[in-house]
Structures are given as structure tokens and as C-alpha cells.
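Please consult the sequence and the structure shown below while reading.

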Amino acid sequence: MAPLRALYLHLFQMLLVRALFVLGNITSSNNGNRERLAVACNIVPTLLQLLDHFGSQYTRLVDAESAAGAGDGGEDGMAEGGGEGKFDSGEGKAGEVGVPPSVAATQRREVEELLVKLVRVIANIGINPVVGSRLAVTPGIDRLVDCLGMSTVFICVVCRVSVCARVRV
């Protein structure tokens, strides 16, 4: 059952990346879509929950990858430990003994891709003046600032400028 669960989680994450890509496109240049998503569909709490969830997972994966590279993983390069994030992916978590560093790196890149798409959607809906002001005072928006500090995800200056310019924090 564990391999099936891992496959399900991977497929869900891939589908989520595609959905966020579409949401990013429909909110990139249409103010009506921004307001509909944020106000009528009340998507902001869901986006912030996803940001918290995958932000925590990303932090844990980066920590596990660093531990695997810098730790005394022995000949096979394995590292012990792993963070205590809010996300529990079950079998094959990065940072567990027996999970190759290449798996941790792949998982990190996948979560990184998802976070970039997610931040893009949040930044796009924040362009709307009404939505942007509400977004700035929404509980949980501080996680977005935390994501900006994750240099490996948001090393791209364009992404930082986009978020800072669009979300009126």
C-alpha cells in the first residue's frame, strides 16, 4: 500500500502544479479573474494553506538534502534525520535512512516548482488593489515572506520583484 500512496501523492502534486499554472495564466492579465478567484471563490485561504504545507515540506527537504551532503552518511551517502515539518508524505521521505540523496533532490525540485507556481498565483491576484489590500492583512501571508527568504527557490530577482510589487505587504 505504501508505494501506491507515494504514487498517489506524486500524481496529486503534478496535477496541482498544472492547476496552479493555469490559475497563474488566467490571473496574469485579467483583473476580473483576479477578483473572481479571490473574492467570489475565496481561494486565498486555500492558497495560503498550500503555501504553508509545501513551504514546510520544502524546508524539510532542503534540510535533509544538506544533511545528506554534509553529514557522515557513509559510503552510500545516506543521512539520518529529517525535519519535523507539518507534511508527512509517508514512505520514502527525504532524509530517512535508505532514501538516496538523488531522491531527496528530485523531491525538492518538484516542490520548488510547485512553490514557484503557487507564489505566482498569489502575486497575480495581489495585483488587484482590493484583493492586494485584503491579502496583505490575511493571517498566514507571512509564509509568503518566508518563501522569499528561501534563496534556492526565489533566487530569481524577477520573482522577488514580482511578489513585492504585486502583493502590497
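## The nonpolar core

The largest nonpolar core has 28 residues; such a core is a set of buried Ala, Val, Leu, Ile, Met, Phe, Trp, Tyr and Cys residues joined through side-chain atoms within 4.5 Å. Those with the most contacts inside it are L20, L47, L51, F54, L115, L118 and I122. Two or more residues each come from α1, α2 (31-40), α3 (44-70), α4, α5 (129-136) and α6 (142-148). In soluble globular proteins, nonpolar side chains tend to be buried together.

L20 touches L47, L114, K117, L118 and V121, leaving aside residues up to four places away in sequence; contact means heavy atoms within 4.5 Å.

## Basis of the model and overall fold

The model is predicted: local features need pLDDT of at least 70, side-chain atom pairs count only at pLDDT 80 or more, and totals for chains, interfaces and linings use all residues. Residues are numbered from 1 along each chain as its sequence is written, and side-chain values use heavy atoms, with hydrogens and water left out.

The chain contains seven helices and zero strands, where helices (H or I, at least four residues) and strands (E, at least two) are DSSP runs numbered from the N terminus. Of the 169 residues in the chain, 39% are buried; buried means under 20% relative accessible area, exposed over 50% and partly exposed in between, with a 1.4 Å probe and protein chains only. Among contacts with a separation of 6 or more, 72% involve residues 24 or more positions apart.

## Packing of α1 against α4

The axes of α1 (residues 2-28) and α4 (residues 101-125) come within 9 Å and cross at roughly 30°. Axes are lines fitted to C-alpha atoms, for helices over the stretch in contact, and angles run from 0 to 180 degrees between N-to-C directions. The two helices are therefore roughly parallel to each other; angles under 35 degrees count as roughly parallel, over 145 as roughly antiparallel, 65 to 115 as roughly perpendicular and the rest as oblique.

Residues of α1 in this contact include H10, L16, L20 and F21, and those of α4 include E110, L114, L118 and I125. The contact residues divide into 10 nonpolar, seven polar and five charged. In this classification, Ala, Val, Leu, Ile, Met, Phe, Trp, Tyr, Cys and Pro count as nonpolar, Asp, Glu, Lys and Arg as charged, and the others, Gly among them, as polar.

## Packing of α1 against α2

The axes of α1 and α2 come within 6 Å and cross at roughly 130°, which makes α1 oblique to α2. L23, I26, T27 and S28 in α1 meet N33, R34 and L37 in α2. By class, this contact has three nonpolar, three polar and one charged residues.

L23 lies in helix α1 and counts as buried at 18% relative accessibility. Residues up to four places away in sequence aside, L23 touches L37, I43 and V121. L23 and K117 are 94 residues apart in sequence and 8.8 Å apart in space, C-alpha to C-alpha.

## Two individual residues

R108 is placed in helix α4 and, at 15% relative accessibility, counts as buried. R108 touches Y58, L61, V62 and E65, not counting residues up to four places away in sequence.

N42 is found in the loop between α2 and α3. Phi of N42 is near 50°, a positive value in a residue other than glycine. Most residues other than glycine have a negative phi. N42 is partly exposed, with a relative accessible area of 47%.
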